[in-house]
Amino acid sequence: MIVLNFSLFKYGGEISIAIFGIINRVLMFAYSPILGISQGFLPVAGFNIGAKKNNRVQQTIKKSIWFGTFVGTFIFIGIFLFKEDVIWIFTNDTTLLDKTPNAMFIVFLATPIVAMQLIGSAYFQAAGKALPALFLTLLKQGIFLIPLAYLLPKYYGIEGVWWSFPISDLLSTIITVLVLKREIDKNLK
């Protein structure tokens, strides 16, 4: 968070930190249903992994990803359509009302695919594979978001900070899908 706050302040000033404060609160609330799906996935997947019912594990992965993607898409559409209304909940400051909608839209761009990453890392937790679970959990914020939030603003200003969120989501989701597919092909067929 230090790097993120540094980039926000350096390239956008105090107003960008306030914008991120609003976006961060909305992210926590909006991602709750997707996190709930991944948390509900854990015991079902863990039980079926323990029972060696690989077909049911695969079905649980597919259904959880599908449902999480549906919910994520619904959340993104809601943010897209009502972003100004959501911002009004937090402030009536005209500068924030003017600058936050675009930043919020960019930050939420990858919301439809976030479930893939969460379910992928949750699978490895359920399977008792700590290292892949930790790696996939750290991908977004530790491996991609922090470096992108540091580098992109050097070229794109404050927009680079906002774009670091969907880019890190996209990159971490791609890697998670590849690792999960390899795991399914190797251990669940």
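The legends below describe close-up views of a predicted model.

**View 1. Packing of helix 1 against helix 4 in the predicted model.** Helix 1, which covers residues 2-50, and helix 4, which covers residues 114-126, pack at an angle of about 30° with their axes 9 Å apart. Because angles under 35 degrees count as roughly parallel, helix 1 is described as roughly parallel to helix 4, and the crossing of these two helices is right-handed. Helix 1 makes the contact through Tyr31, Ile34, Leu35, Ile37, Ser38, Phe41, Leu42, Ala45, Gly46 and Ile49, while helix 4 contributes Val114, Ala115, Leu118, Ile119, Ala122, Tyr123, Gln125 and Ala126. Sorted by class, the contact of helix 1 with helix 4 holds 15 nonpolar, three polar and no charged residues.

**View 2. Packing of helix 2 against helix 4.** The axes of helix 2 and helix 4 come within 8 Å and cross at roughly 150°, an arrangement that makes helix 2 roughly antiparallel to helix 4. The crossing of helix 2 with helix 4 is right-handed. On the side of helix 2 the residues are Val57, Ile61, Ser64, Ile65, Gly68 and Thr69, and they meet Ala115, Met116, Ile119 and Tyr123 in helix 4. The residues of this contact comprise seven nonpolar, three polar and no charged.

**View 3. The largest nonpolar core and the surroundings of Ile61.** This core has 54 residues, and those with the most contacts inside it are Ile23, Ile61, Met104, Phe108, Tyr123 and Trp162. At least two core residues come from each of helix 1, helix 2 (54-90), helix 3 (94-107), helix 4, helix 5 (130-156) and helix 6 (158-187), and helix 1 gives the most, with 15 residues. When neighbours within four places in sequence are left aside, Ile61 is in contact with Phe41, Ile119, Tyr123, Leu180, Ile184 and Leu188.

**View 4. Threonine 176 in helix 6.** Threonine 176 has a relative accessibility of 0% and therefore counts as buried. Not counting residues up to four places away in sequence, threonine 176 touches Met116, Gln117, Gly120, Ser121, Leu136 and Leu139.

**View 5. Glutamate 84 in helix 2.** With a relative accessible area of 40%, glutamate 84 is partly exposed. Glutamate 84 and asparagine 102 lie 18 residues apart along the chain, and their C-alpha atoms are separated by 9.7 Å.

Definitions and conventions:
Residues are numbered from 1 along each chain as its sequence is written. This is a predicted model: local features need pLDDT of at least 70, side-chain atom pairs count only at pLDDT 80 or more; totals for chains, interfaces and linings use all residues. Side-chain values use heavy atoms; hydrogens and water are left out. Axes are lines fitted to C-alpha atoms, for helices over the stretch in contact, and angles run from 0 to 180 degrees between N-to-C directions. Helices (H or I, at least four residues) and strands (E, at least two) are DSSP runs, numbered from the N terminus. Angles under 35 degrees count as roughly parallel, over 145 as roughly antiparallel, 65 to 115 as roughly perpendicular and the rest as oblique. A crossing is left-handed if the near helix is turned anticlockwise from the far one by less than a right angle, and right-handed if clockwise. Contact means heavy atoms within 4.5 Å. Ala, Val, Leu, Ile, Met, Phe, Trp, Tyr, Cys and Pro count as nonpolar, Asp, Glu, Lys and Arg as charged, and the others, Gly among them, as polar. A nonpolar core is a set of buried Ala, Val, Leu, Ile, Met, Phe, Trp, Tyr and Cys residues joined through side-chain atoms within 4.5 Å. Buried means under 20% relative accessible area, exposed over 50%, partly exposed in between (1.4 Å probe, protein chains only).
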